[in-house]
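Here is a short report for a reader new to this structure. Please look over the sequence and the model before reading on.

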Amino acid sequence: MPKKYNVEVVPTPPRYIPIGKFEIERGEDCINCGRCAIVCIYEVHKRQDEDLRCMAEPVAYRCKGCFSCVQECPQATLTIREGTDYSRLGDSYWTPEIISTNWYQAETGKIPVSGAGYRGPFSGEGFDSMWTDMSEIVRPTRDGIHGREYISTVVEIGRKLPAIKFDSQGEILSHIPPTINVPLPIIFDTLPFEAAKHFDPTFLTFDENVYGAMAKAASDLGTFMIVDAGDWFKSEGHRGQSSHIIPHISHLTSHSFDADWIKACKMVELEYEEDVMTVVNEAKNLNPGTIISVSVPFGDNVEQIVEELTYAGIEVIHLYADLNGKAFNQTGKKSVTKNASIKDMTLEVHRHLVDLKIRDDVTLIVSGGIAMAEHVAKAIICGADLIAIDLPLLFALECRYCKDCQEDLACPVELKDVDPEWGAQRIINLIGAWRNQLLEILGAMGLREVRRLRGEVGRAIFFEDIEKDTFDTVFAMDESYDANG
Amino acid sequence: MQTVKKAPSRFPNEISEIEVQRDLSKCINCGTCAKLCPFGVHERKTGYNRVSKPLSYRCIGTSCEDKPFYCVNHCPRGALSLGVSSEYRTIGDYRWTRDLIIGTWKQAETGIPLKGQRYEIGNSGGGFDRISFNFPDDEGRGERGDENIGQNAFLPSDDTGISTEIDLNKREGTKISIRVPFYGGGMSFGSISLSVMLAKAKAARAWGTFTCTGEGGYPEALKEYDDNVITQVATGLFGVMEDTIQRVKIVEFKYAQGAKPGLGGHLLGDKVTAEVARMREAISGSSLFSPFPFHSVYSVEDHKKHLDWIKELNPNAIVSVKVSTPTDVDMVAVGSYYAGANIIHLDGSYGGTGAAPDIAKKNIAMPIEYAIPKVHEFLKREGLRDTMTIIASGGIRTAHDALKAIALGADGVVIGTAELVALGCVRCGNCESGRGCPRGIATTDPELSEAVNVEWGAQRLINLYAAWRSEIVDVLKRFGMRSIKELVGRYDCLIENHEITQENDEETKL
């Protein structure tokens with residue numbers, strides 16, 4: 001039995017006290033009876049070390065919101081509220097819950113588990129408008145402690161031939177395109193923002209530590225990291241550690257290739273431009289074994305662009321949405337209003353390629369707004385081969401998404417000072433937890449290979465469809481009902 | 001027999017919407033407020049110079065503004081004011097809003113249903129929260145929301161001649177019916193304390209309905225409630241013995257749980273105490289896995305073999321098959337019919353759990369609101385609807401949810417979280433972490449589980465059931481129905497309401 005791929009998670013505590021969800025306030029009429037310390041099982045309440053007669057300030061970040069202390073206090077002098085620091089985290093897409101859940105996973109490497117039922121909205125936009133399916137009767141996917149490790153999360157990057165041709169002597173006639181096996185369908189994308197480079201004389205340190213952590217994590221996990229072919233990449237390239245790095249070249253017109261690293265890298269990513277194919281051919285001439293990916297923004301005509309590129313021989317297309325998983329509005333063109341979410345756009349591109357019978361000619365990497373493990377599974381169901389993630393990598397390093405760095409303010413968690421070893425383990429923990437959640441989804445379906453999940457819309461329940469299928473019958477009497485309304 | 005008796009919260013400070021604030025710099029402790037308030041918010045205990053801290057949870061808010069006993073207006077120093085409590089703002093979530101949690105507590109305390117939209121639906125923006133009743137005639141009903149004044153103004157409905165009884169077996173074999181269209185969901189010993197199990201069983205007996213052991217054994221103490229207990233045969237077969245199957249009237253064959261469909265269970269080693277191990281026939285301290293799926297069931301024929309085995313052991317028992325809600329749930333229901341099941345129990349994806357991965361709770365399988373009409377229609381088309389009993393669970397929070405589930409095509413419902421909320425659960429979701437439930441409900445920690453007294457717990461549940469039944473009777477009356485059975489599959493009694501949004505901005509009221 002070959003060794004199974006396994007992500008080694010190691011609990012890695014944060015450097016700063018995390019922002020907890022709750023704030024607890026002790027009123028002035030506290031009589032220091034200590035009842036709160038007895039009823040709290042999370043050690044929020046303690047007596048002061050220096051004076052045991054007095055209660056200490058509550059350690060609010062440990063609070064799990066059980067309300068016991070508040071309800072048991074004989075003076076009714078404790079109050080609990082959602083913390084302002086917590087509710088200010090992130091924005092409406094990258095919610096406080098998403099950020100803190102990613103912190104938890106980066107710290108523990110465990111998948112988020114809780115009691116009581118789901119507590120969120122019934123459905124929502126984008127990925128929140130679909131559910132994944134399961135089967136009551138399947139092959140065992142959990143058999144004692146075994147079972148899960150037999151589910152494969154390996155994906156292949158590159159063009160896949162539908163069949164291989166042989167001549168009469170049995171020699172292979174087909175040209176077999178290069179492929180890369182990635183042990184899990186998650187790679188690291190370029191970071192959406194960095195410390196304000198021009199004003200921060202120490203930006204190189206930021207790069208070194210943050211990118212260093214990412215590169216180490218990518219290498220340990222056996223996955224890849226896309227990085228701008230800038231200074232950091234070049235210095236890293238000189239160190240000969242480029243086997244897990246995919247350089248991203250954004251300004252093709254002014255590019256200058258370094259033949260050495262085209263040869264050293266298994267894969268190179270080029271930003272889409274009209275004449276991208278000339279550059280592709282140039283790179284292919286330098287190293288025919290290099291896989292070329294072209295990154296294309298989700299937006300107008302994305303299906304046509306993907307179609308053209310695929311017919312032109314591109315093996316990998318990296319489709320990226322904006323930070324919140326939405327299409328880009330291209331200036332000068334009419335704005336994209338329909339199908340603006342990454343979920344719908346991925347589905348459309350995938351279906352378009354399937355209709356043209358060229359789906360396996362190209363690998364689709366999808367990124368933008370991938371915030372939780374469930375998005376990986378859902379994007380794959382919608383037709384992605386693999387996913388690239390960005391912000392969650394920074395969350396693993398304790399980023400609070402305050403965007404202070406964008407305004408040239410000091411980073412509250414001093415990202416540039418992270419220890420790459422510590423950071424790498426945090427990222428590995430996060431990815432380990434995400435992968436385990438992907439296994440849970442696959443297990444529930446009885447699937448044993450993530451490759452079989454791609455485009456399996458039959459394994460998903462779409463809100464619009466089921467709402468119509470079910471409630472059109474139920475509310476047939478109600479003429480005002482409009483399933484698409 | 002069920003008797004409603006007041007069962008106040010076990011906490012000194014019950015969480016309530018309103019916080020009565022007394023400005024101590026203005027208060028002269030004259031005691032006017034204590035004399036005025038008929039609800040006992042203000043109190044000056046004999047022998048004390050000062051008026052006690054206001055008992056805010058008894059306050060009915062500004063509803064008594066124009067009454068001569070409105071303390072805020074009558075305080076000679078203007079020292080009193082009403083505000084929204086910080087706890088009220090903090091508690092609750094989209095599905096179980098603050099008002100649903102507090103409303104369930106109040107109903108468990110008094111046994112009287114609460115009227116008004118905020119006590120009837122949640123804020124999830126879909127499913128039950130977007131469905132309202134299409135009452136034929138609303139005459140004679142004033143502005144809703146005012147009916148809760150003083151909590152005693154609304155007495156239990158006069159239910160003469162209206163039946164809430166449902167039959168659980170429509171096939172050959174033992175006829176079993178329950179007096180209310182709901183029974184208690186499966187929660188294992190280990191996931192909840194023995195006191196909670198006993199409280200559930202007592203309430204089930206009082207109301208002539210059932211409770212379920214869940215997977216994990218049949219504690220001795222439940223023996224006297226055998227006639228009101230359903231025992232579960234789940235994928236791990238933990239605690240399943242011939243004796244337990246022979247003792248009960250209903251055996252539940254559990255394929256999956258709505259909150260974690262397709263995942264199976266995992267009881268950590270340190271939760272496997274000597275007692276838990278004994279009941280599960282395992283070794284204490286070793287982790288216990290409930291696999292997924294049944295390793296011996298790969299077809300309807302295999303399924304039938306298992307049901308036959310149960311019927312062989314206990315020919316008088318009826319069998320319920322509990323499944324979650326995948327796309328092909330309608331086929332599963334028909335398969336269960338051919339295997340010989342009496343009840344198809346659909347557990348929706350937003351249902352409760354003692355512990356489940358968050359990714360599964362949110363994403364796997366469909367909400368119960370879709371599954372019920374799907375199965376109901378399919379069984380009708382196959383000509384089997386009159387032989388199968390459909391029971392729905394997974395997100396039934398209120399009597400209104402139960403009624404909507406029935407109108408969508410279920411015969412009855414199973415409730416779980418609502419019962420735990422009645423016992424004081426705040427849905428903090430920490431059932432599984434550390435020592436278990438900090439509120440002493442979902443835990444076997446000897447110290448914590450002392451918090452719930454069996455008698456008190458049973459009374460809270462009896463009261464909750466009473467409130468639900470009153471509400472069900474009231475709704476049936478408004479539809480002019482004599483029996484809950486008339487409501488099954490009556491889609492015309494429901495309207496989808498895209499306009500419903502739960503008003504949570506309490507500021508407007510105060």
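Which domains does the domain assignment give for chain A? There are two: domain 1 (22–87) and domain 2 (149–465). Keep in mind that this is a predicted model.

**Domains**

Chain B has its own assignment, with domain 1 (18–84) and domain 2 (166–496).

| Chain | Domain 1 | Domain 2 | Separation of C-alpha centres |
|---|---|---|---|
| Chain A | 22–87 | 149–465 | 46 Å |
| Chain B | 18–84 | 166–496 | 45 Å |

**Where the chains touch**

Next comes the interface. In chain A, 62 residues are in contact with 82 residues of chain B. Several elements of chain A each supply at least two residues to this side, among them helix 2 (68–72), strand 2 (78–82), strand 4 (130–132), helix 11 (373–381) and helix 14 (463–474). Helix 13 of chain A gives the most, with six residues. By class, the side of chain A that touches chain B has 32 nonpolar, 18 polar and twelve charged residues.

Strand 3 (113–114) of chain A also supplies at least two residues to that side. Two bridges join strand 3 of chain A to strand 14 (residues 356–357) of chain B. The two strands run antiparallel. A:Ser114 has B:Ala356 as its bridge partner in strand 14 of chain B.

**A helix crossing in chain A**

Helix 13 (residues 420–445) of chain A also meets helix 4 (residues 96–108) of chain A. Their axes come within 6 Å and cross at roughly 110 degrees. Angles of 65 to 115 degrees count as roughly perpendicular, and helix 4 and helix 13 of chain A are therefore roughly perpendicular to each other. Helix 4 of chain A brings A:Asn102, A:Gln105, A:Ala106, A:Glu107 and A:Thr108 to the contact. Helix 13 of chain A brings A:Arg426, A:Asn429, A:Leu430 and A:Ala433. By class, the contact has three nonpolar, four polar and two charged residues.

**The sheet of chain B**

How many strands form the open sheet of chain B? Eight do, in the order 6-16-15-13-12-9-8-7, and the pairing is parallel. Strand 6 (182–184) and strand 7 (211–212) of chain B stand at the edges. Each has a single partner strand, so one side of each is left without a neighbour in the sheet.

Inside the order, strand 8 (residues 229–233) and strand 9 (residues 250–254) of chain B are joined by four bridges and run parallel. B:Thr231 has B:Val251 as its bridge partner in strand 9 of chain B.

Definitions and conventions. Residues are numbered from 1 along each chain as its sequence is written. Chains are lettered from A and ligands numbered from 1 in the order in which they are written. This is a predicted model: local features need pLDDT of at least 70, side-chain atom pairs count only at pLDDT 80 or more; totals for chains, interfaces and linings use all residues. Axes are lines fitted to C-alpha atoms, for helices over the stretch in contact, and angles run from 0 to 180 degrees between N-to-C directions. Angles under 35 degrees count as roughly parallel, over 145 as roughly antiparallel, 65 to 115 as roughly perpendicular and the rest as oblique. Two residues are in contact if their C-beta atoms, placed from the backbone, lie within 7 Å. Ala, Val, Leu, Ile, Met, Phe, Trp, Tyr, Cys and Pro count as nonpolar, Asp, Glu, Lys and Arg as charged, and the others, Gly among them, as polar. Two strands pair if DSSP finds at least two bridges between them. Domain bounds come from an automatic or database domain assignment.
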